[in-house]
Amino acid sequence: MKQLFKVFYAIGILGLAILLVGAGPFDCDCHNPDLTRSWVTCIDGHPTLTDGTETIDYKDGKFNPNDYACPKNPLESPEWVHGSQPAPFPLSSQTSANASPKGRAAAGGTVAYVPRILLDLPFGPSPFPKIGLSTCDATSPDILQVNHVNSLVTRLTTCPFAVKKTIRVASRPLQIAITPDGQMALVTSFDNAINFIDLNTNTVVFTLSVFFNPHGIAITSDGKTAYVASFDNINSLIATIDIASRTVTKTVQTNAYPQSVFLSPDDSQLYITFPFGNAMFIMDTMTGIVGNTFAITAPRGVAFNSRGSKAFITSATGGSSGSVLQFDTETFQVERTYSVGAGPTDIAVMYDEVTVVVVNNEGGSTSTINLKTGQVTTLALGAPAAGLAILR
C-alpha cells in the first residue's frame, strides 16, 4: 500500500489554499435576485420595482431592468452589480423563499431529505478590485502550500511573492482547507494526523491523531464540520470531524483509496474521487449514504459553479491529453466533455461563471475553458504542476 501511495502522491502533493475569497457574480434567473430587497420582483422575465417603474437608482447610475432579460442561456446574462460590497454567503441551513427542498433518491431505494442543490443566493461581484499585472496590492490574500517531503506548511504573500512563515506539521502533509472566517486551517497528514493551524499566530494549536490515513479535506460553509478522506485500502473511509471540539464524530466506509472530497455549495452532497478505482461517489451528508456512483477514468478534482447546478470533474484519461466533464447535478448526467492537457488535477470556476481553469500535472500546463464558446486554451508551463488558488 505504501509503495502504491508513493506512486500516486507524486501527482498531487502540492496542496494550495487561498485565505480570502470573494463571492462571484450571478445571473438573472427570473427570481428576486437580491433577497434583502423585497421590493424587487420578476415581471415578464425582468427584475422590476413593485410600483411598476422602469429604473432603479444604483451607486453607478440608472439600472434598466429591460436590459437584463432572462435569456435561455443564463451564461449570456450580464453581471448585476449591487454595489461595492457583496451580500454575505448564507449558511447551509438557510434557504431562500423560492427554494423548494425535495427528497433525493438514496441507496436501497430510500429517500433522504436534503436541501435543494440549486440555491437562489445573492452572489455579488468579487470584493477585490481589478488590478493590472504591474500593480502590487499589499492587501492581496496569502496562500498556504504544503511541503509533503519536509512536513511543512508554508504561508506565502502574493504581492510580492515571498515566504511569510513556515509551519511544522505532522509528517507527509497533503491537503489544506480553511474555515470560512479565515481563522483556522486544517491540514491532512498521511501519517495519521490532522493539523489545526491558527492563522492569526501561524502556529499548530492542535494535532488530531487518527487511525486512518488522511488525504482529501473539505469544510462546510458554516465552518462547523470537516470531511476527510482516508487514502487507504484497509481503513477506506470518510470521516466527519467536529471542528469546535476537534473530534471525529462519524466514519463511513467506502471503496479502497478515496483520494479527495468536494462539497456542493449547499453542503448537501459530498463528491468523493477514486482515481485508482476509476469512480466518483456522491454521498448525502445528512444521512451518510452514498446514493450515486459513477464510472469516471481517474477522477481527481471537482469544482462547482456558484449555484451548484454544474460540477466540473477532471479526468486523467491517459496519453497526451485529459478531460474535463461538465456534469449536471440535478440529472446526474455528463453534458459535455472538454479535452485539456495531460493529467488534469486541480480545477476552479472563475467569478464570471464562464471561465474554468485547470492544472494539468503530467502535461506541465494549464488549460482555460470558455463555457460559452467551448474553446479550450492550453498554456505550457515547462514542468509538472499541481495546486491552484484563485486570487482575483
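**Entry 1: one valine**

In which strand is the place of Val153? I found Val153 in strand β9, residues 152–158. I noted first that this is a predicted model. Then I checked the cover of Val153. Its relative accessible area is 0%, so Val153 is buried.

I looked up what Val153 touches, leaving out residues up to four places away in sequence. The list includes Leu144, Val146, Ile167, Ile176, Val187 and Ile197. I also checked Leu174. Val153 and Leu174 are 21 residues apart in sequence. In space, their C-alpha atoms are 9.7 Å apart.

**Entry 2: the whole protein**

I stepped back for an overview. The protein has one helix and 30 strands. Of its 392 residues, 54% are buried. It exposes about 17400 Å², and carbon and sulfur atoms supply 53% of that area. I also looked at contacts between residues at least 6 apart in sequence; 45% of them join residues at least 24 apart.

I zoomed in on one pair. Four bridges join β11 and β12 in the antiparallel sense. Pro173 stands opposite Ser189 in β12. I wrote down a general rule as well: side chains in a regular strand alternate between the two faces of the sheet.

**Entry 3: the largest nonpolar core**

How many residues does the largest nonpolar core have? I found 16. Those with the most contacts inside it are Leu186, Ile194, Phe196, Ala226 and Ile241. Five elements are listed as giving two or more residues to this core: β12 (184–189), β13, β15 (214–219), β16 (225–230) and β17 (237–242). The largest share, three residues, comes from β17.

Not counting residues up to four places away in sequence, Ile241 touches Ile194, Phe196 and Ala226, among others. Leu208, Val228 and Val248 are also among the residues it touches.

Then I turned to β15. β15 and β16 run antiparallel and are joined by four bridges. Ile217 stands opposite Val228 in β16. The hairpin of β15 and β16 has five residues between the strands. In this hairpin, Gly223 takes a positive phi near 75 degrees.

**Entry 4: aromatic pairs**

I searched the whole structure for aromatic pairs and got 11. One of them joins Phe196 and Phe206 edge-to-face, with 5.8 Å centre to centre and 75 degrees between the planes. Phe196 lies in strand β13 (residues 193–198) and Phe206 in strand β14 (residues 203–209), so the pair ties together parts that are 10 residues apart in sequence. Phe206 has 30%, so it counts as partly exposed.

A further pair is Phe211 and Phe212. Their rings are edge-to-face too, at 5.3 Å centre to centre and 90 degrees between the planes. Phe211 counts as exposed because its relative accessibility is 51%. Phe212 counts as buried because its value is 0%.

I also found one aromatic cluster, formed by Tyr271, Phe294, Phe304, Phe327 and Phe332.

My last search was for backbone exceptions. Most residues other than glycine have a negative phi, and most peptide bonds are trans.

Where is a cis peptide bond? It joins Cys159 and Pro160, with omega about 0 degrees. Pro160 lies in the loop between β9 and β10 (161–168).

Asn202 is not a glycine, yet its phi is positive, about 55 degrees. I located Asn202 in the loop between β13 and β14. Asn202 is buried because its relative accessible area is 12%, under the 20% cut-off.

Asn278 also has a positive phi, near 50 degrees. Its place is in the loop between β20 (269–274) and β21 (279–284). At 37% relative accessibility, Asn278 counts as partly exposed.

Technical notes: Residues numbered from 1 in each chain as written. Predicted model: local features only at pLDDT ≥ 70, side-chain atom pairs only at ≥ 80, totals over all residues. Heavy atoms only, no water. Phe/Tyr/Trp six-rings, centres within 6.5 Å; stacked < 30°, edge-to-face > 60°. Buried < 20%, exposed > 50% of the residue type's maximum accessible area, 1.4 Å probe, protein only. Core = buried A, V, L, I, M, F, W, Y, C linked by side-chain atoms within 4.5 Å. Contact = heavy atoms within 4.5 Å. Areas by Shrake-Rupley, 256 points an atom, 1.4 Å probe, with all protein chains shown as cover. Pairing = 2+ DSSP bridges.
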